[in-house]
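Subject: A structure for you to explore

Hello,

Here is the structure I promised to pass on to you. Please have it open while you read, and my notes on it follow below.

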Amino acid sequence: MRQMKSMKIALVMGSGGARGYAHLGALKALHEADISVDMIVGTSFGALIGATFSAGRNVYEMERIAYEYGWKKLIKMMDSGFPNGIIAGKKIERFFSFLVKHKKFSELDIPLTVVTTNIQTGEENLINQGLVSEAVFASSALPGIFNPKRLNDQWLVDGALVNPLPIQTALDLGAEMVIAVDVSSPIKSVKYLNGLQNYSRNILKNVCQLPYVNGLVSPMEISKKMKYVIPKGFYTASNGLRIRENNKEKINSIPKVGNVVIIKPKVEHIHWRDFHRAQRIIDKGFEAVNRSVLDNIEELISQFEERNFNQKDIYSEIFS
């Protein structure tokens, strides 16, 4: 890859479930176009792809692993997480550790920042130290599906709840240009969280309406007791929905600055759980990095270098 030291370029990769395979296709296209980056900021599946690349695996090796670890192998990694979620995620986290070569953030080839959400406070939490696999799992832990990850005295879940495409985060971290790959489709995840929340409400409502139960305890007492019957994952999902709603404006906003190039693969028709379609999704990501996108990137780099050159000339005239 060509080293462009004059401009600090960040690659931002967002959430999207199986659609996240398109990140790998886009990364492959950028690599073949000889475009390098100085930092990576990722959320959820984007954090996984970014971490794997930052750890030193090349795009072709990553592509081979994506094909090799199909849906059947992923199913075998799903361990029970009751009552905190459907899946505990211990096996998946070990797989993530294998992907990132068991590295810490300090050992990565490219600086990486991972976006997570504190499920208790609803605040965005950025991770760039410690074990990479732990941060990536936390960033991918969809509430109600995966158990929350406890890190640094915080319960962390999917970063997509607060920042599914962390462009502004990359700019705040010092990026002078951002290349962002957007594969998000938040409607489906919101429907999922709504469904889980409604299910838990219906359980409480139906139990409270049973004459025998009502004759023994009050609805308030039932509500307290049901905390031990209804999986905590339901409450986690409910918190996730509230956090997402509170951050709706931030989620839907993209910084209006001229130094951001957004790559938008055509994956709207792909469901977040379509992991068996990895090859097709990767191809969509590759196709999205077309000549127009590459020209835009090269133009922004040229403009930056020209401004720097002119500033050096002015500096020389003043102090010569």
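To get your bearings, in which loop is N152 found? N152 sits in the loop between β5 (149–151) and β6 (154–158).

Before that, a word on how to read everything here. This is a predicted model, in which local features need pLDDT of at least 70 and side-chain atom pairs count only at pLDDT 80 or more, while totals for chains, interfaces and linings use all residues. Residues are numbered from 1 along each chain as its sequence is written, and side-chain values use heavy atoms, with hydrogens and water left out.

**The whole chain**

The protein chain has 14 helices and eight strands. Helices (H or I, at least four residues) and strands (E, at least two) are DSSP runs, numbered from the N terminus. Of the 320 residues, 52% are buried. Buried means under 20% relative accessible area, exposed means over 50%, and partly exposed is in between (1.4 Å probe, protein chains only).

Now take contacts (heavy atoms within 4.5 Å). Among those between residues at least 6 apart in sequence, 78% join residues at least 24 apart.

**Two helices side by side**

Have a look at helix α2 (residues 45–54) and helix α6 (residues 132–140): their axes come within 8 Å and cross at roughly 160°. That makes α2 roughly antiparallel to α6. Axes here are lines fitted to C-alpha atoms, for helices over the stretch in contact, and angles run from 0 to 180 degrees between N-to-C directions. Angles under 35 degrees count as roughly parallel, over 145 as roughly antiparallel, 65 to 115 as roughly perpendicular and the rest as oblique.

Which residues of the two helices meet? From α2 come F45, A47, L48 and A51, and from α6 come V132, V136, S139 and S140. By class, this contact has six nonpolar, two polar and no charged residues. Ala, Val, Leu, Ile, Met, Phe, Trp, Tyr, Cys and Pro count as nonpolar, Asp, Glu, Lys and Arg as charged, and the others, Gly among them, as polar.

Helix α2 is mostly covered, with 10 of its 10 residues buried. In α6, eight of the nine residues are buried, so α6 is largely enclosed by the rest of the structure. Just after α2, G56 takes a positive phi of about 110°.

**A buried methionine**

M13 belongs to strand β1 (residues 9–13) and is buried, with a relative accessible area of 0%. Its contacts, leaving aside neighbours within four places in sequence, include G46, A47, I49 and G50, which are among the buried residues of α2. The C-alpha atoms of M13 and I179 are 8.6 Å apart, although 166 residues separate the two along the chain.

**Salt bridges**

Side chains of opposite charge can pair when their charged atoms come close. A salt bridge is a side-chain nitrogen of Lys or Arg within 4 Å of a carboxyl oxygen of Asp or Glu, and the structure holds eight of them.

- K264 pairs with D182, their closest N and O atoms being 3.3 Å apart. K264 lies in the loop between β8 (260–263) and α13 (278–288) and D182 in the loop between β7 (177–181) and α8 (186–208), so the pair ties together parts that are 82 residues apart in sequence.
- D274 and R277 meet at 3.6 Å, N to O. D274 is buried at 13% relative accessibility, while R277 is partly exposed at 29%.
- R291 pairs with D295 at 3.0 Å between the closest N and O atoms. Both lie in helix α14 (residues 291–319), four residues apart, about one turn of the helix.

**Back to N152**

Most residues other than glycine have a negative phi. N152 is not a glycine, yet has a positive phi of about 50°. Is N152 buried or exposed? At 64% relative accessibility, N152 counts as exposed. H102 also has a positive phi, near 60°, and lies in the loop between α5 (90–99) and β3 (112–118).

Enjoy exploring!

Best wishes
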